[in-house]
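Please read the points below alongside the sequence and the coordinates. They follow the order in which I went through the strands, the pocket, the rings and the backbone.

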Amino acid sequence: MINQNFEGMSVRWVIALKAEAEEIIKNYALERVVTKPFPVYKNRDIDIWLVLSGIGQINAVAATTYLYVKSDASDNTIWINLGIVGSRNFKVGELVQIDKITSNDFPDNHYPSPATFKNNNVERSNLITVNKPEALFENDGVYDMEGYAFFSFAKKIASYELVSVLKIISDIPGTDISKIDKIAVERLVLKKMPLIEKVLENLLSLQEILLLQQRNPNYFDEICQQRKFSFSQKVTLKKYLTQWQSRFPMRNPLSEIEKKMTTSQILKRFSDNLLR
């Protein structure tokens with residue numbers, strides 16, 4: 001299970017079918033809180049939500065939009081689309097993390113952030129989103145019916161680094177689709193839960209870094225109230241104060257500022273101290 005001590009944790013799962021979501025629901029102790037227009041699940045204690053979108057790109061966008069509003073997600077929320085896919089060049093049961101997303105209906109391609117792939121040892125693949133079940137798999141990669149639409153919307157409401165698409169291979173050329181039942185799908189996801197958790201842990205680390213970068217360091221607001229810094233000077237001041245917290249945790253930077261100092265002189269004073 002994931003570490004629950006990170007206060008900024010916020011995760012949203014968008015999954016087409018209940019069978020694909022069952023192990024996620026169990027693993028993160030999610031309970032159903034909404035039935036219509038889309039089934040929505042959440043954890044009682046931590047900010048983890050899941051929506052069942054149904055099949056297709058229109059449903060994927062509608063469900064993602066609904067969950068975004070319903071769960072009051074922030075721009076630092078993690079968004080993950082998980083589901084089963086078909087492929088001609090992967091084995092059944094393999095988990096892949098998508099690094100390129102294409103659709104025959106749209107000219108633009110999407111490329112999830114490289115930061116998303118660090119430290120998880122999961123295979124990468126391109127994703128081809130289609131409007132009807134694929135059987136021929138004419139191109140390398142994996143095929144689904146939701147990923148392109150999901151990513152197109154999710155990247156607008158969240159930090160690009162925090163949007164991820166994960167797929168598990170369920171069928172290859174020659175597979176009898178009728179034999180891929182609910183139990184078979186649940187087993188495929190269950191076997192890959194350790195890797196899915198690893199991907200989520202990596203995303204949570206990115207989320208924590210992004211949140212820390214956005215927070216103003218100690219004394220930043222007080223100093224900005226004393227002097228009128230330009231935008232570029234504020235950027236520099238934030239950088240120096242962040243370094244100051246690390247180098248001199250017991251030393252108040254306000255004590256370095258003299259009454260007649262200009263903004264440039266203040267920044268130079270911090271810079272000189274940090275270079276010593």
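Which residue in strand 10 is the bridge partner of valine 96? The partner is lysine 167. The points below start from that pairing; the model is a predicted one.

1. Strand 6 and strand 10. The bridge between valine 96 and lysine 167 belongs to an antiparallel pairing of strand 6 (residues 95-103) with strand 10, made over three bridges. Leucine 95 stands opposite isoleucine 168 of strand 10.

2. Strand 5 and strand 10. Strand 10 also pairs with strand 5, here in the parallel sense and over eight bridges.

3. Burial of strand 10. How many of the nine residues of strand 10 are buried? Nine of the nine are, so strand 10 is largely enclosed by the rest of the structure.

4. Other partners of strand 6. Strand 6 runs parallel to strand 8 (residues 123-129), with seven bridges between them. Strand 6 is also joined by two bridges to strand 7 (residues 106-110), and these two run antiparallel. Strand 6 and strand 7 make a hairpin, with two residues between them. Isoleucine 101 takes part in both pairings: it stands opposite leucine 127 in strand 8 and opposite histidine 110 in strand 7. Seven of the nine residues of strand 6 are buried, which leaves the strand mostly covered.

5. The largest pocket. The space in the largest pocket comes to about 500 Å³. Its lining counts 22 residues, and Ile84, Pro133, Met145, Ser170 and Asp171 are those nearest the centre. Two or more lining residues come from each of helix 1 (18-27), strand 5 (78-87), strand 9 (142-144) and strand 10 (163-171). Which element gives the most to the lining? Strand 5 does, with three residues.

6. Sorted by class, the lining of the largest pocket has 15 nonpolar residues, two polar and five charged.

7. The structure contains seven aromatic pairs. In one of them, tryptophan 13 and tyrosine 28 are stacked, at 5.9 Å centre to centre and with 25 degrees between the planes. Tryptophan 13 lies in strand 1 (residues 11-15) and tyrosine 28 in the loop between helix 1 and strand 2 (30-34), so to speak of a link between distant parts of the chain is to speak of residues 15 apart. Tryptophan 13 and tyrosine 28 are both buried.8. A tilted aromatic pair. Phenylalanine 38 and tyrosine 66 have ring centres 6.2 Å apart and planes at 45 degrees, so this pair counts as tilted. Phenylalanine 38 is in the loop between strand 2 and strand 3 (40-43), while tyrosine 66 is in helix 2 (residues 57-70), and the two are 28 residues apart. Is phenylalanine 38 buried or exposed? Phenylalanine 38 is buried, at a relative accessible area of 12%. Tyrosine 66 is partly exposed, because its relative accessibility is 21% and the cut-off for buried is under 20%.

8. An aromatic cluster and charges over rings. Trp244, Phe248 and Phe270 form one aromatic cluster. Over the face of phenylalanine 248 lies arginine 251, at 4.7 Å from the ring centre. Elsewhere, lysine 238 has its charged end over the ring of phenylalanine 220, 5.6 Å from the centre of that ring.

9. A cis peptide bond. Lysine 36 and proline 37 are joined by a cis peptide bond, with omega at about 5 degrees. Proline 37 belongs to the loop between strand 2 and strand 3, and phenylalanine 38 is in that loop too.

10. Positive phi at alanine 29. Alanine 29, a residue other than glycine, has a positive phi near 50 degrees. Alanine 29 sits in the loop between helix 1 and strand 2. With a relative accessible area of 45%, alanine 29 is partly exposed.

11. Positive phi at tyrosine 219. Where is tyrosine 219 found? Tyrosine 219 is in the loop between helix 5 (193-214) and helix 6 (220-226). Its phi is positive as well, near 75 degrees. Tyrosine 219 counts as partly exposed, at 29% relative accessibility.

Definitions and conventions:
Residues are numbered from 1 along each chain as its sequence is written. This is a predicted model: local features need pLDDT of at least 70, side-chain atom pairs count only at pLDDT 80 or more; totals for chains, interfaces and linings use all residues. Side-chain values use heavy atoms; hydrogens and water are left out. On a 1 Å grid over the protein atoms alone, a cavity is a set of points where a 1.4 Å probe fits but cannot get out, and a pocket is an open set with protein on both sides within 12 Å along at least five of seven lines; lining residues have an atom within 4 Å of a point. Grid points are joined across faces, edges and corners, and a volume is the space filled by probe spheres set on the points. Helices (H or I, at least four residues) and strands (E, at least two) are DSSP runs, numbered from the N terminus. Ala, Val, Leu, Ile, Met, Phe, Trp, Tyr, Cys and Pro count as nonpolar, Asp, Glu, Lys and Arg as charged, and the others, Gly among them, as polar. Rings of Phe, Tyr and Trp (its six-membered ring) pair if their centres lie within 6.5 Å; planes under 30 degrees apart count as stacked, over 60 as edge-to-face and the rest as tilted. Buried means under 20% relative accessible area, exposed over 50%, partly exposed in between (1.4 Å probe, protein chains only). A charge sits over a ring if NZ of Lys or CZ of Arg is within 6 Å of the ring centre and within 35 degrees of the ring normal. Two strands pair if DSSP finds at least two bridges between them.
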